[in-house]
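Please read them with the coordinates open.

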Amino acid sequence: MKIKKKLSPIAFICISFIANAQQKLTSPDGNLEMIFHLNGEGSPIYELTYKQKPVIKPSKLGLELKKEDADAKTDFEWTARKDADKLDSKTNLYNGFELKDAQTSTFDETWQPVWGEEKEIRNHYNELAVNPEPNRANDRYIIIRFRLFNDGLGFRYEFPQQKNLNYFVIKEEHSQFGMAGDHTAYWIPGDL
């Protein structure tokens, strides 16, 4: 006697959600692997391994915008702000997201510099663009674009045109780099 097991629609949706919640990206040579997901608070999280050994432990990403002036007028009629009580929530671009879409692509080109030590430079990477649903609290969103090369990882925040985010000042960057060891790091200050 055979017993067939059927998944209920709810179980299927839950399994699909769990499988799609994590996005993986590998370097062109397959040695580096980056995993991206949103945690329970809706915060973007990434981690990086090299040959299956941790390089960057799970680390949060996001931005905090400068709070808008509550006394600033909002339209040509110079009326008082109707959203003054919501200004604190409008600064949040670091949690409260849900994953909407993620797209991967590959890029490979070789170019010749005018001068330098190398005759040719190869620009080869795999890319993951994560597009979360707008933040539940403020209806704003960002795109996080990762590029994984054979020798490293880069990411950037993109601000697509949207109704609720025209002019802004970034107050704080909440990007974390949870290094898995005692590594040497080099950086250039961004506020010269």
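1. A contact here means heavy atoms within 4.5 Å. The model is predicted, and side-chain atom pairs count only at pLDDT 80 or more.

2. Under that cut-off, Leu-128 touches Gln-23, Leu-25, Met-34, Phe-36, Ala-102, Gln-103, Thr-104, Ile-144, Arg-145 and Phe-146; residues up to four places away in sequence are not counted.

3. Which residues have the most contacts inside the largest nonpolar core? They are Met-34, Phe-36, Leu-128, Ile-144 and Phe-146, in a core of 22 residues. Two or more residues each come from β2 (32–38), β3 (44–50), β5 (63–65), β8 (121–133) and β9 (143–149). The most come from β2, which gives four.

4. Of the seven residues of β9, five are buried, so this strand is largely enclosed by the rest of the structure. The cut-off for buried is under 20% relative accessible area.

5. β9 pairs with β8 in the antiparallel sense, over five bridges. Within this part of the model, Glu-127 has Arg-147 of β9 as its bridge partner.

6. β9 also pairs with β10 (residues 152–158), again in the antiparallel sense and over seven bridges. A hairpin of two residues joins β9 to β10. Phe-146, listed above among the core residues with the most contacts, has Phe-155 in β10 as its bridge partner.

7. For viewing the strands, one general point applies: in a regular strand, side chains alternate between the two faces of the sheet.

Definitions and conventions:
Residues are numbered from 1 along each chain as its sequence is written. This is a predicted model: local features need pLDDT of at least 70, side-chain atom pairs count only at pLDDT 80 or more; totals for chains, interfaces and linings use all residues. Side-chain values use heavy atoms; hydrogens and water are left out. A nonpolar core is a set of buried Ala, Val, Leu, Ile, Met, Phe, Trp, Tyr and Cys residues joined through side-chain atoms within 4.5 Å. Buried means under 20% relative accessible area, exposed over 50%, partly exposed in between (1.4 Å probe, protein chains only). Two strands pair if DSSP finds at least two bridges between them.
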